[in-house]
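Subject: Structure for your review

Dear colleague,

Please find below the structure that I am handing over to you. My findings follow directly after it.

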Amino acid sequence: MRSTIEEKPAQAATLNNDEILRYSRHLIMPEVGMEGQLKLKQAKVLCVGAGGLGSPLALYLAAAGVGTLGIVDFDVVDFTNLQRQIIHTTENVGRKKLDSAAETLHAINNNVEIRKFETRLTSANAMELFRDFDVIVDGTDNFPTRYLVNDACVLSGKPNVYGSIFRFEGQASVFATERGPCYRCLYPEPPPPGLVPSCAEGGVLGILPGLVGVIQATETIKLILGSGEPLVGRLLLIDALAMRFRELKLRKNPDCPVCGQHPTVKELIDYNQFCGIRGEESAAATMADMTPEELKRRLDAGEDLFVLDVREPHEYQICNLGGYLIPLNDLPKRISELDSSREIVVHCKMGGRSAKAVEFLNKSGFHKVHNLAGGINAWAERVDPKLPKY
Amino acid sequence: MKIFIPTPLRQYVERHPYVEVQAGTVAEALSALTARHPDLRKHLYNNEGKLRAFVNLYLNDEDIRYLQNEQTPVQDGDALSIVPSIAGGGC
């Protein structure tokens, strides 16, 4: 099938002798050759996110000689990133991911032009950001941004190279090509917030973004070259634990609200609202939150507080506050172990699961329940620095 | 037939990657599955008893929405895959 990337006159660019040597293993393959390598040199690829997926895919795209790589990211490298975000090194902890990534990419291939966009991708800036690029690679980590990337790709006519991971399972596809389906054809609606845990809460095997990100890089290069069979109309499922790859058929949905025959979404919308996410302030301010400092003060004062830990047993082994352990999912059937007359402080790792536990307990007739804001990680950060964070 | 359980839902089926059931249709397969693992029910169906929109079901490699939905007949060697949306990647 035809590549969806606009054909450009290849004669505009040339390779110098150093580049010819560098790319010789490409140049001697008929599938790439000089023509293909010049297409790569002229290509402009935008990576949304320089995290788990963005790391390996940007490394390979730079090494392969993609001429212009844009990166959208606003995050800072932290220690928990290093287990999988191989574009960043230990000495870069605390620096902007954009700067750390750009340095690594330049060290690999100084011929590549890196364009850094230090911003969150939003409905207000997406169309403008996408304008100068040929292919968009989605390496984001949340549903609102995934729907935003998809819709902006459909509306601007640019392919969306999609990859997504959870624990040891991944998905990859190429969406929003001219004839192929888009992300909304696959999933018309996002799951309600909180039902699908994030990597920070659910964990992710470090190699998995490597596997999936490299598949995204491969698809990006194939789109640029216009060769091979792109992953259009197919969803690749990767199970790293079983090491099983499966492929499902995807169809373009004629009733798709964004790429169907009678689209109802003709411009970018409010994706937080679409995904049912409350504004950040209101989410943080709801619930009877208790700060780590307040919990410490009240425990030190000898007050009668029951500390409930709703994490998993393997997390309890990493560190704990000596709380009573009932994993969130077991709470409904073990609720009888709790005393509703006592004041309860619920905690998890970061505050997400415990917020759900508090909501559930409130509905079940418990009225003296607090959520430890920021979870045991905030406790380790602000009250007990000897405790490990994870 | 085998029903493949995705990672986010494995905690409700004692962490098995798949569950074997006997069934004549997709609907029967799902009801056999949720009868054995009742905690799974609320993750697959909404309060009205309809399959949730972000949970896709594939019989072998085909989306059941393009077959006969839950009434699609199934055979012994078939594989039914539950494919929910996941978003991780940047984190």
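In this predicted model, strands β5 (residues 160-166) and β6 (residues 169-175) of chain A run antiparallel and are joined by seven bridges. Within that pair, A:Tyr162 lies opposite A:Ser173 of β6(A). Strands here are DSSP runs of E with at least two residues, helices are runs of H or I with at least four, and both are numbered from the N terminus. Two strands are taken to pair if DSSP finds at least two bridges between them.

As to conventions, the numbering of residues starts from 1 along each chain as its sequence is written, while chains are lettered from A and ligands numbered from 1 in the order in which they are written. Since this is a predicted model, local features need pLDDT of at least 70 and side-chain atom pairs count only at pLDDT 80 or more, whereas totals for chains, interfaces and linings use all residues.

Chain A: the mixed sheet

β5(A) and β6(A) belong to an open sheet of eight strands with mixed pairing, in the order β3-β2-β1-β4-β5-β6-β7-β8. Its edges are formed by β3 (113-117) and β8 (244-249) of chain A, each of which pairs on one side only. From one strand to the next, the twist averages 15°; axes are lines fitted to C-alpha atoms (for helices over the stretch in contact), and angles run from 0 to 180 degrees between N-to-C directions.

Helix α4 (residues 54-64) of chain A touches β1 (44-48), β2 (68-72) and β4 (135-138) of chain A, and its direction makes about 165° with that of β2(A). Helix α7 (residues 143-156) of chain A touches β1, β4, β5 and β6 of chain A, its direction making about 165° with that of β4(A). Contact between two residues requires their C-beta atoms, placed from the backbone, to lie within 7 Å.

Helix α3 (residues 33-42) of chain A has among its buried residues A:Gly36, A:Leu38 and A:Leu40, and also A:Lys39 and A:Lys41. A residue is called buried if 20 or more other C-beta atoms lie within 10 Å of its own, exposed if 12 or fewer, and partly exposed in between, with C-beta atoms placed from the backbone. The cover over the buried residues of α3(A) includes α2 (24-27), α4 and α10 (208-225) of chain A.

The domain assignment, which is automatic or from a database, divides chain A into domain 1 (10-277) and domain 2 (282-382). Taken over C-alpha atoms, the centres of these two domains of chain A are 37 Å apart.

Chain A also has an open sheet of five strands, paired in parallel, in the order β9-β13-β12-β10-β11. β9 (289-290) and β11 (324-325) of chain A are at its edges with a single partner strand each, so one side of each has no neighbour in the sheet. Three bridges link β12 (residues 343-347) and β13 (residues 369-372) of chain A in the parallel sense, and A:Ile344 has A:Val369 as its bridge partner in β13(A). Helix α16 (residues 352-363) of chain A lies across β12 and β13 of chain A, at about 175° to β13(A).

Chain B comprises two helices and five strands, which follow the pattern β-β-α-α-β-β-β along the sequence. Its C-alpha trace spans about 40 × 30 × 30 Å along the principal axes, and 32% of its 91 residues count as buried.

Strand β3 (residues 55-59) of chain B is largely enclosed by the rest of the structure, because four of its five residues are buried. β3(B) pairs with β5 (residues 79-84) of chain B in the antiparallel sense over five bridges, with B:Ile82 as the partner of B:Leu57. β3(B) is also joined to β4 (residues 62-63) of chain B by two bridges, again antiparallel. These two strands form a hairpin with two residues between them, and B:Asn60 in the turn has a positive phi of about 55°.

Between the chains, 23 residues of chain B are in contact with 37 residues of chain A. On the chain B side, β3, β4 and β5 each supply at least two residues, and β5(B) gives the largest share, three residues.

Yours sincerely
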